[in-house]
Amino acid sequence: MKSSMCYGVVVVLALFSLCVSATDPGSLQDFCVAAKNPNDAVFVNGLFCKDPALAVAEDFFLPRFNKPGVIKSPIGSVVTQANVAQIAGLNTLGISMARIDYAPKGLNPPHTHPRATEILVVLEGTLHVGFVTSNPDNKLFTKVLYKGDVFVFPEGLIHFQMNLEKTPAVAIAALSSQNPGVITIANAVFGSKAPISDDVLAKAFQVDKKVVDFLQSQFWMDN
């Protein structure tokens, strides 16, 4: 009798574990609209998979990641990505990397990764980094990082890095998605296409419309 009861408990627990682990797959892009007409179904959540028999070593390879990026942005940083767009073999593996080069006093401005947690290691330089928690606390966690230090930015939270030195800095980031996405806050708010109404932004930021109009007139570059 005891053995049959134990067996029943095991079966119930197994079924329960199957139920609680049954979730929708994580999004690998901003959205995936259902196609009512099969002829319109040209995208998948992520990318189509190559026949494994046709895979080659180059599908898993990215050369010259040690080469510094060319910094053109006035904010003084550039991000070199190593995600599924550059390494096809990352498809479905849930991981990617990025190299961030900072000019002296350069900034990787406040931004979020909607689909990934980021862990960053400083290779050269000194960085002031931080992230802000969600509402209602909006608590700032911040730290000064030196060569060899590591810091984590939780998924979806606004974060930044700034080079404190008068010499260049370099960091490497690993991210928990093949396509983490990035939303640079200033670009998204003041550089959206089409522009967000200045009435909306003036009220949201509690500033005069002229301030909003000035910010929207700036040239917002992707980092």
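**Putting words to values**

Visitor: Why is K50 called partly exposed?
Guide: K50 has a relative accessible area of 46%. Buried means under 20%, exposed means over 50%, and partly exposed is in between, with a 1.4 Å probe and protein chains only. The value for K50 falls in between, so K50 is partly exposed.

Visitor: Before we go on, what sort of model is this?
Guide: It is a predicted model, where local features need pLDDT of at least 70 and side-chain atom pairs count only at pLDDT 80 or more, while totals for chains, interfaces and linings use all residues. Residues are numbered from 1 along each chain as its sequence is written, and side-chain values use heavy atoms, leaving out hydrogens and water.

Visitor: What makes K50 and D59 a salt bridge?
Guide: The term asks for a side-chain nitrogen of Lys or Arg within 4 Å of a carboxyl oxygen of Asp or Glu. The closest N and O atoms of K50 and D59 are 3.0 Å apart, which is within the limit, so the pair is a salt bridge. D59 has a relative accessibility of 13%, and therefore counts as buried.

Visitor: How many salt bridges does this rule give?
Guide: The count comes to 5 salt bridges. One of them joins the side chains of D30 and R115, at 3.1 Å from N to O. This pair links distant parts of the chain, 85 residues apart: D30 is in the loop between α1 (2-20) and β1 (77-82), and R115 is in the loop between β3 (107-112) and β4. Helices (H or I, at least four residues) and strands (E, at least two) are DSSP runs, numbered from the N terminus.

Visitor: Are D30 and R115 buried or exposed?
Guide: D30 has a relative accessible area of 65%, so D30 is exposed. R115 has 13%, so R115 is buried.

Visitor: What do D199 and K209 tie together?
Guide: Their side chains meet in a salt bridge of 2.2 Å, N to O. D199 lies in helix α3 (residues 198-205) and K209 in helix α4 (residues 209-216), so the pair ties together parts that are 10 residues apart in sequence. D199, at 42%, is partly exposed, and K209, at 38%, counts as partly exposed too.

Visitor: Which residues does UniProt place in the feature "binding site"?
Guide: The unreviewed UniProt entry gives H111, H113, E118 and H159. These four are spread over 49 residues of sequence but cluster in space, with a largest C-alpha distance of 11.8 Å. UniProt positions follow the numbering used here, feature names are shortened, and annotations may be inferred rather than shown by experiment.

Visitor: Why does E118 count as buried?
Guide: E118 is at 3% relative accessibility, so E118 counts as buried. E118 is in strand β4. Contact means heavy atoms within 4.5 Å, and beyond four places away in sequence E118 touches residues including H111, H113 and H159. H159, in strand β8 (residues 158-163), is at 1% relative accessibility and therefore counts as buried.

Visitor: What makes the pair E118 and H113 a polar contact?
Guide: A polar contact is a pair of N or O atoms within 3.5 Å; within protein, one must be able to donate a hydrogen and the other to accept it, and residues adjacent in sequence count only if both atoms are side-chain atoms. The side chains of E118 and H113 are joined at 3.0 Å, which is within the limit, so the term applies. Another polar contact, of 3.2 Å, joins the side chains of T126 and E165. T126 lies in the loop between β4 (118-124) and β5 (127-132), and at 9% relative accessibility T126 counts as buried.

Visitor: How do you know that β5 and β6 pair?
Guide: Two strands pair if DSSP finds at least two bridges between them. β5 and β6 have 6 bridges, in the antiparallel sense, so they pair. Both belong to an open sheet of 5 strands in the order β6-β5-β8-β3-β10. β6 (140-145) and β10 (183-184) are called edge strands because each pairs on one side only.

Visitor: What makes strand β2 mostly covered?
Guide: In β2 (residues 96-102), 6 of its 7 residues are buried. Strand β2 runs antiparallel to β1, joined by 6 bridges, and antiparallel to β9 (residues 169-175), joined by 7 bridges.
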